[in-house]
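The sequence and the structure are shown first.

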Amino acid sequence: MSRYCEQCGKAKKACICKWIQTIDAKTQLCILQHPSEVNRAIGTARILSLSLANSAMFVGEDFSQHEALNALLDDPTRDVWLVYPSDTSTAITELAVREQSFTQTEKSLTLILLDGTWKKAYKMWQLSTNLHTLPTVNLDNVSSGNYRIRKSPREAGVSTVEAGYLALTALEGNKTDFTPLLATFNRMIEFQIQQMPVGVFEKNYG
């Protein structure tokens with residue numbers, strides 16, 4: 001018998017499925033996950049893929065020849081953006097204004113998220129040449145993340161689920177409540193902290 005949950009992929013004692021709430025988002029999130037993130041106990045991408053029915057998640061490092069992703073990129077009915085803070089990226093709040101001005105006949109929106117450390121996400125982008133022509137969007141609505149048990153080289157660094165939450169809230173927050181994503185995330189973090197020996201969290205992350 002496997003020690004891991006078949007649905008969320010985490011150890012059964014750390015299963016997050018009981019906290020998942022299904023959310024109907026108009027915007028599609030496509031998560032490209034680095035292989036090193038698949039079995040991380042504190043990985044957050046599965047919160048998005050389990051909560052959002054129209055989301056997609058693909059695992060790999062070089063997605064240049066990834067058939068499912070390329071089919072999505074070639075879909076003429078979709079407007080695809082990469083969440084990446086490039087020098088020419090558009091602010092998510094600006095994209096939200098743009099989307100709100102569209103009519104129902106316009107293209108559906110897809111946001112691509114890179115799930116990995118900053119270093120690994122950059123390498124994924126470098127290798128995946130099919131992403132290079134995509135317009136990029138940055139999260140100008142972020143102040144600081146709550147990823148208390150994983151250090152980020154950026155002061156405003158956020159986890160994948162927080163990035164998804166911020167993007168969706170900017171785009172659809174006036175119609176849909178996305179806080180269940182953060183509720184699941186915070187419960188997962190609290191559980192992991194409780195499993196640490198006394199003093200470890202304070203010493204390494206306090």
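Is Glu61 buried, partly exposed or exposed? In this predicted model, Glu61 has a relative accessible area of 28%, and because this value lies between 20% and 50%, the residue counts as partly exposed.

**Salt bridges**

The structure holds 4 salt bridges.

| Salt bridge | N to O distance |
|---|---|
| Lys123 and Glu61 | 3.9 Å |
| Arg98 and Asp79 | 3.1 Å |
| Arg98 and Glu99 | 2.9 Å |

Glu61 pairs with Lys123. Glu61 lies in the loop between E2 and helix H2 (67–73), whereas Lys123 belongs to helix H4 (residues 118–127), so the pair ties together parts that are 62 residues apart in sequence. Lys123 is likewise partly exposed, at 40% relative accessibility.

Asp79 and Arg98 meet in a further salt bridge. Since Asp79 is in strand E3 and Arg98 is in helix H3, this pair connects parts that are 19 residues apart in sequence. Asp79 is buried, at 15% relative accessibility, while Arg98 is partly exposed, at 31%. Arg98 also forms a salt bridge with Glu99, a buried residue with a relative accessible area of 18%.

**Sheet**

Six strands form an open sheet in the order E2-E1-E5-E3-E6-E4, and their pairing is parallel. At the edges are strand E2 (56–59) and strand E4 (90–91), each of which pairs on one side only. Strand E6 (residues 136–138) pairs with E3 in the parallel sense over 2 bridges, and Val137 in E6 is the bridge partner of Val83. Helix H5 packs on the sheet and touches E1 and E5; the direction of H5 makes about 160° with that of E5.

In soluble globular proteins, nonpolar side chains tend to be buried together. The largest nonpolar core here has 41 residues, and those with the most contacts inside it are Ile47, Leu48, Ile92, Leu95, Leu111 and Leu181. Elements that each supply at least two residues of this core include strand E1 (28–33), helix H1 (45–51), strand E5 (108–115) and helix H6 (179–194). H5 provides the largest share, 8 residues.

Leu48 has contacts beyond four places away in sequence with residues including Leu29, Ile31, Leu113, Val161 and Leu181. Apart from this core lies another, of 17 residues, among them Phe63, Leu69, Leu82 and Ile112.

Terms used. Residues are numbered from 1 along each chain as its sequence is written. This is a predicted model: local features need pLDDT of at least 70, side-chain atom pairs count only at pLDDT 80 or more; totals for chains, interfaces and linings use all residues. Side-chain values use heavy atoms; hydrogens and water are left out. A nonpolar core is a set of buried Ala, Val, Leu, Ile, Met, Phe, Trp, Tyr and Cys residues joined through side-chain atoms within 4.5 Å. Buried means under 20% relative accessible area, exposed over 50%, partly exposed in between (1.4 Å probe, protein chains only). Helices (H or I, at least four residues) and strands (E, at least two) are DSSP runs, numbered from the N terminus. Contact means heavy atoms within 4.5 Å. Two strands pair if DSSP finds at least two bridges between them. Axes are lines fitted to C-alpha atoms, for helices over the stretch in contact, and angles run from 0 to 180 degrees between N-to-C directions. A salt bridge is a side-chain nitrogen of Lys or Arg within 4 Å of a carboxyl oxygen of Asp or Glu.
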